[in-house]
Amino acid sequence: MAHNEWAEKDYYRDLGVSSSAGADEIKKAYRKLARDNHPDKNPGDSAAEERFKKAAEAYSVLGDDKKRKEYDELKALLASGGFGGLGGFGGNGGPGFSGGFRTSQNFDASDLFGEGRFAGDGGLGDIFGGLFNRGGAGRHAATPTRGADVETHITLEFREAAKGTTLPIQLSGDAPCTDCHGSGSRSGNPSTCGDCNGTGFKSENKGAFGFSAPCTTCGGTGQVITDPCATCSGTGTVRRTRSITVRIPAGVEDGQKVRLAGQGEAGPNGKPAGDLFVTVSVKKDAVFTRKGDDLEVTVPVSFTELALGDTITVPTLEAPVRVKVPAGTPSGRILRVRGRGITRSSGVKGDLLVKVEVHVPKDISAAEASALRTYAQAAKDAGYNPRAGWAGLS
């Protein structure tokens with residue numbers, strides 16, 4: 001691609017986002033454009049196909065942090081007129097040069113910026129070599145495309161999330177064509193692209209520089225479909241609903257995403273599938289709350305159990321356990337039971353935090369009331385005052 005053509009590229013405009021857009025916004029914009037303009041959804045619509053190709057090309061750069069940085073730097077360089085707009089070096093020679101220098105013949109920009117002539121500067125060589133996949137290491141085939149990532153949402157019971165579970169979910173999207181086994185070719189044998197000889201790139205020389213760009217004939221894959229499959233029209237994928245089994249690991253938290261590699265939409269023409277991201281919502285539990293890997297439970301107890309000490313039964317995610325309450329335990333104290341909290345898939349175990357809280361009965365019998373009055377009088381005679389020293393009281 002010639003430098004003047006490259007300068008006209010506006011990937012942010014092609015995705016409909018600003019240059020300050022975050023990674024999530026860029027991904028969301030690309031997915032919407034790809035979904036709305038996919039050739040399968042718009043058969044025979046050349047305009048939609050062109051928008052689809054532009055979105056894919058834009059996302060291949062803006063969706064990669066390193067390439068996006070290089071693209072932004074290159075656009076800024078071109079906008080500022082650096083190197084005379086890349087048409088040649090004038091009397092000042094441009095940054096990094098001293099004295100006059102002007103090119104006298106066409107040459108590949110990656111030969112200038114990717115062969116160590118600017119070694120260590122971390123700038124021009126990286127910008128030009130990275131964007132065009134060219135550099136001192138030689139030419140490389142275009143990076144294979146992959147299927148789109150898919151996001152879905154599930155809601156789990158508290159105990160399902162804590163202990164882990166397996167459940168089926170249904171997804172609708174691109175899946176490998178069963179007639180051509182995802183190749184897109186009726187015979188199953190794509191042909192080598194004649195325009196780029198299978199490299200995935202085409203070189204173009206205009207003006208003072210020559211640039212390499214992904215081959216438009218094969219989309220940078222190095223292969224073309226000469227006998228397209230009638231079922232998938234050569235794409236290698238068809239839209240269908242499928243059911244997959246998702247294993248949710250133990251200890252997943254509310255709002256957490258679980259990634260299932262290769263379970264997203266199928267890639268075109270046998271390319272790798274994208275990933276599936278499952279966002280988990282966890283319902284509240286009537287007994288337990290969660291604090292990291294620890295479980296918290298509030299257990300009602302009587303005054304005498306705290307005052308005299310006792311052993312009480314408390315629930316866990318498995319079988320109930322017995323917990324000793326020391327004599328004189330204040331209401332609200334938390335007793336720790338080791339290893340009875342959330343168990344991660346890694347084997348790490350949290351604790352059970354038992355908060356004891358006095359339960360005051362609303363109705364008591366005459367005998368109970370008499371016994372309590374006897375106790376209260378005995379405690380008073382012994383000098384017990386629960387408010388002694390509190391708030392300046394005596």
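Hi everyone, let me start with a pair of side chains: Lys53 and Glu49 meet in a salt bridge, 3.6 Å from N to O. Bear in mind that this is a predicted model. Both residues sit in helix H4 (residues 46-62), four residues apart, which is about one turn of the helix. As a reminder, an α-helix has 3.6 residues a turn, so residues three or four places apart point the same way. Lys53 is partly exposed, at 43% relative accessibility, and Glu49 is partly exposed too, at 36%.

Next, helix H3. Here Lys32 forms a salt bridge with Asp36, and their closest N and O atoms are 2.9 Å apart. These two are four residues apart in H3 (residues 23-37), so about one helical turn separates them. Lys32 has a relative accessible area of 47%, making it partly exposed; Asp36, at 28%, also counts as partly exposed.

Now for a pair in strands. Asp174 forms a salt bridge with Arg239, with 3.4 Å between the closest N and O atoms. Asp174 belongs to strand E3 (residues 165-176) and Arg239 to strand E8 (residues 237-248), so this pair ties together parts that are 65 residues apart in sequence. Asp174 is buried, with a relative accessible area of 7%, whereas Arg239 is exposed at 51%.

Stepping back, the count comes to 17 salt bridges. There is also a network of them linking Arg31, Arg146, Asp149, Glu151, Lys257, Arg259 and Asp275.

One last stop is helix H11, residues 366-381: its 16 residues reach 23 Å from first C-alpha to last, close to the expected 22 Å. Just after H11, Gly383 takes a positive phi of about 90°. Thanks, everyone!

Technical notes. Residues are numbered from 1 along each chain as its sequence is written. This is a predicted model: local features need pLDDT of at least 70, side-chain atom pairs count only at pLDDT 80 or more; totals for chains, interfaces and linings use all residues. Side-chain values use heavy atoms; hydrogens and water are left out. The expected span of a helix is 1.5 Å times one less than its number of residues. A salt bridge is a side-chain nitrogen of Lys or Arg within 4 Å of a carboxyl oxygen of Asp or Glu. Buried means under 20% relative accessible area, exposed over 50%, partly exposed in between (1.4 Å probe, protein chains only).
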